[in-house]
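Please read these notes with the sequence and the structure open beside them. They are numbered so that each point can be checked in turn.

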Amino acid sequence: MASELSKDELKRLARLGAQARLQQIEEERRSILRAFPGLAAAIARQKPAETTAGTPAAEAPKKKRRKRRKMTAAEKKAASERMKKVWAARRQRQG
């Protein structure tokens with residue numbers, strides 16, 4: 001029978017099934033919240049990524065991380081010399 005249905009018809013039926021399932025899930029959610037009234041406040045305090053309502057964390061847009069600029073050999077050497085001076089000064093102060 002599946003071979004007799006067009007792609008568009010299959011997609012339409014899948015969407016209808018998904019909508020029906022979402023309605024069932026929402027009804028179950030409301031039932032749970034009625035049974036446990038304090039749970040709604042706990043859910044409201046959660047971070048958005050932790051909640052199951054709305055956009056799941058897996059689908060949330062990720063922020064792009066800035067790439068760290070690599071230090072050149074000269075910059076590393078300069079930083080090393082500065083830190084050697086800092087640590088030498090600390091050792092002198094401590095005794």
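Which residue forms a salt bridge with Glu26, with the closest N and O atoms 3.7 Å apart? The answer is Arg30, and point 3 returns to this pair.

1. Basis of the notes. The model is predicted, so local features need pLDDT of at least 70 and side-chain atom pairs count only at pLDDT 80 or more, while totals for chains, interfaces and linings use all residues. Residues are numbered from 1 along each chain as its sequence is written, and side-chain values use heavy atoms, with hydrogens and water left out.

2. Salt bridges in general. Side chains of opposite charge can pair when their charged atoms come close. Here a salt bridge means a side-chain nitrogen of Lys or Arg within 4 Å of a carboxyl oxygen of Asp or Glu. Searching the whole structure gives four salt bridges.

3. Glu26 and Arg30 are four residues apart in helix H1, so about one helical turn separates them. Arg29 and Glu26 are three residues apart in helix H1, again about one helical turn. (Helices, H or I of at least four residues, and strands, E of at least two, are DSSP runs numbered from the N terminus.)

4. The relative accessible area is 30% for Glu26, 36% for Arg29 and 43% for Arg30. Each value counts as partly exposed, because buried means under 20% relative accessible area, exposed means over 50%, and partly exposed lies in between (1.4 Å probe, protein chains only).

5. Another pair in helix H1. Arg12 forms a salt bridge with Glu9, and their closest N and O atoms are 2.8 Å apart. Helix H1 covers residues 7-35, and the two residues are three apart in it, which means a separation of about one helical turn. Arg12 is partly exposed at 42% relative accessibility; Glu9 is partly exposed at 26%.

6. A nonpolar patch. Ile32, Phe36 and Leu39 make a nonpolar surface patch of about 270 Å². Patches consist of residues with over 30% relative accessible area and no salt bridge; like charges are joined within 9 Å, and nonpolar side chains (Val, Leu, Ile, Met, Phe, Trp, Tyr) within 5 Å. Leu39 sits in helix H2, residues 38-45, and is partly exposed at 35% relative accessibility.

Key. Accessible areas come from the Shrake-Rupley method with a 1.4 Å probe; for residues, only the protein chains shown count as cover.
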